[in-house]
Amino acid sequence: MKTLAAYFGLSHDGTRVSASTSIAISIILSLVVSLLLRVLFPGFSSVVRLVLWGIVMFVIFRWAAANAQRQGR
């Protein structure tokens, strides 16, 4: 949990994750979002799900970046 908190910029002690951990978490997060969109919107076309995936990932990464910036990183 501490690693995920650091990844999303929620760690209060200033811990950070390594580059390889960040890439692994990003890939897993991408797969989870993709599967959730497929389950939540089964009738949508692949293009619509791809656009929704891009929007959701953008929002998640902007939120994490804003948290990290607030932490002074």
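The model is predicted, with local features needing pLDDT of at least 70 and side-chain atom pairs counting only at pLDDT 80 or more, while totals for chains, interfaces and linings use all residues. Residues are numbered from 1 along each chain as its sequence is written, and side-chain values use heavy atoms, leaving out hydrogens and water.

Arg49 lies in helix 3; helices here are DSSP runs of H or I with at least four residues, numbered from the N terminus. Helix 3 covers residues 46-70, 25 residues in total, and spans 36 Å from its first C-alpha to its last, close to the expected 36 Å. That expected span is 1.5 Å times one less than the number of residues.

Arg49 counts as buried because its relative accessible area is 12%, where buried means under 20%, exposed over 50% and partly exposed in between (1.4 Å probe, protein chains only). Other buried residues of helix 3 include Met57, Ile60 and Ala64. The buried residues of this helix pack against helix 1 (2-7) and helix 2 (19-40).

Leu52, also in helix 3, is partly exposed because its relative accessibility is 25%. Leaving aside neighbours within four places in sequence, Leu52 is in contact (heavy atoms within 4.5 Å) with Leu37, Phe41 and Phe44.

Notes. Helix = DSSP H or I, 4+ residues; strand = E, 2+ residues; numbered from the N terminus.
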